[in-house]
Amino acid sequence: FWVHASAEYFAFLENSDDYRFGDAIKGGLALHYTPSTRTILGLEVDAMKKMKNEDGRPPVNGDVPNSGRKKVSLNAVAQQRLATFGGGNLNLRALAGIPLYESVTAIQLGEAYHAMAAVQWKRRF
């Protein structure tokens, strides 16, 4: 078993149309079990806060009303190493989760569940 934690901040700059996507703060806590050196199974709790977008063009000239959100999700993950080459590992990773808490500003779509599958190659430098 091992525990992993992460924290990230994403800052976005204004684009050429005077529009700026809202900054985001993300964090997570994971408990992973490794039954072998090739397999990882785990549970993860992820949190995210996305600030409102900003539009510098009239007539809005300020916060975009239908933007910004907060979310906390619970995810189950599984990862299997397929091969080792080029100094890195080729992995198959799957994730499925549900939102534990979600708050959106004004009218936006939420989610009932999410899922992801990926093939990834990772190398440490």
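Quick definition before we start: strands here are DSSP runs of at least two residues, numbered from the N terminus. Keep in mind that this is a predicted model.

Let's begin with the largest pocket. Its volume is about 930 Å³. Which residues lie closest to its centre? They are H4, H32, E44, R93 and K122, out of 35 residues in the lining.

Now, where does that lining come from? Six strands each supply at least two residues: β1 (2–10), β3 (24–36), β4 (39–50), β7 (69–85), β8 (88–104) and β9 (114–122). Which strand gives the most? That is β3, with eight residues.

You'll find H114 in strand β9. Its side chain makes a polar contact with the side chain of N75, at 2.6 Å. The side chains of H114 and E111 are also joined by a polar contact, this one of 2.7 Å. Leaving aside residues up to four places away in sequence, H114 touches S73, N75, L95, A96, G97 and I98.

Last, a sheet. Strands of a sheet pair through backbone hydrogen bonds, either parallel or antiparallel. Here we have an open sheet of three strands, in the order β2-β5-β6, with antiparallel pairing. Strand β5, residues 54–55, is joined to β6 by two bridges.

Technical notes
Residues numbered from 1 in each chain as written. Predicted model: local features only at pLDDT ≥ 70, side-chain atom pairs only at ≥ 80, totals over all residues. Heavy atoms only, no water. 1 Å grid on protein atoms, 1.4 Å probe; cavity = no way out; pocket = protein on both sides within 12 Å on 5 of 7 lines; lining within 4 Å. Points joined across faces, edges and corners; volume = space filled by probe spheres on them. Helix = DSSP H or I, 4+ residues; strand = E, 2+ residues; numbered from the N terminus. Polar contact = N/O pair within 3.5 Å; in protein donor to acceptor, adjacent residues only side chain to side chain. Contact = heavy atoms within 4.5 Å. Pairing = 2+ DSSP bridges.
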